[in-house]
Amino acid sequence: MKIFLDTADAAKIKKYAEMGMVDGVTTNPTLILKSGRRQEDVTKEICKMVDGPVSAEGNAEKAEDIVKEGEVFASWAKNIVVKVPMTPEGLKAVRVLSKKGIKTNVTLVFTSAQALLVAKAGATYVSPFVGRLDDIGEDGMALIEEIMRMYKNYGFKTQVIVASVRSSAHVVRAAAAGADIATVPVNIMDEMFTHKLTDAGIRKFHDDWEAAKKKA
Ligand code: G3P
């Protein structure tokens, strides 16, 4: 399974890219706001740091405006993917952008019915939001499992990005379900590296190493 970083924090992306952990990046208006930078500047910088796809999201609602906005984003770098809202206008834009050779990521997907339409529209990626479903008492990962079964049944090419990830368990369940990608926020990426027994084990081996040196 590929791991994307769900952030517009260029310094954090650099850190994990240097470890070879970043297969791509997803951003959204909230993450751009958090970065405190102009979307164009930070997105261009991320695209230079990461070879894989970098999703950029705009604000347009009408299909022709989404296409225009998407063309601007696509002119920034070769690895740009245009995030498109899960609406009839959004899916109309997906068809046009695909014909122009521009990759798309349909965002804010919450049901299997929506995911089916996204695949039929020919989107490159679909982003079901698992955490936000869990927040309202639904089972986000059950949605992923159903979408994976559905896409497999018909050989749909659209790749599934598990989004709105809230725990390392979400990432593991995404991999177990055979999802193509999980887009992981930085705090969860940090969490994935650690376990209290790893830390305790390192401390104990370190202490014993020093003690053995003194005895020898
Ligand atoms: O990038 C889309 C998605 O991952 C947002 O997650 O935490 O705002 O629900 P969240």
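Which residues of helix H1 (residues 10-18) are buried? Ala 10, Ile 13 and Tyr 16 are. Buried means under 20% relative accessible area, exposed over 50%, and partly exposed in between, with a 1.4 Å probe and protein chains only. Helices here are DSSP runs of H or I, at least four residues, and strands are runs of E, at least two, numbered from the N terminus.

A word on the source. This is a predicted model: local features need pLDDT of at least 70, side-chain atom pairs count only at pLDDT 80 or more, and totals for chains, interfaces and linings use all residues. Residues are numbered from 1 along each chain as its sequence is written, and side-chain values use heavy atoms, with hydrogens and water left out.

Next, H3. Its buried residues are Val 42, Thr 43, Ile 46 and Cys 47. They span an arc of only 140 degrees around the axis, which puts them on the same side of H3. They pack against H1, E2, helix H2 (29-35), strand E3 (54-57), helix H4 (63-76) and strand E4 (80-85).

Now the core. A nonpolar core is a set of buried Ala, Val, Leu, Ile, Met, Phe, Trp, Tyr and Cys residues joined through side-chain atoms within 4.5 Å. The largest has 59 residues. Those with the most contacts inside it are Ile 80, Val 106, Val 118, Ile 144, Tyr 151 and Val 162. Helix H8 (residues 140-154) gives the largest share of this core, seven residues. A second, separate core has five residues, among them Val 81 and Tyr 125.

Take Ile 80. Contact means heavy atoms within 4.5 Å. Leaving aside neighbours within four places in sequence, Ile 80 is in contact with residues including Thr 43, Cys 47 and Phe 73.

Then Ala 121, in helix H6 (residues 112-121). Ala 121 is buried, at 13% relative accessible area. Beyond neighbours within four places in sequence, Ala 121 is in contact with Leu 91, Val 94 and Arg 95.

Last, Met 192. Met 192 lies in helix H10 (residues 186-192). Why is Met 192 counted as partly exposed? Because its relative accessibility is 35%.

Technical notes:
The arc is that of the directions from the helix axis to the C-beta atoms.
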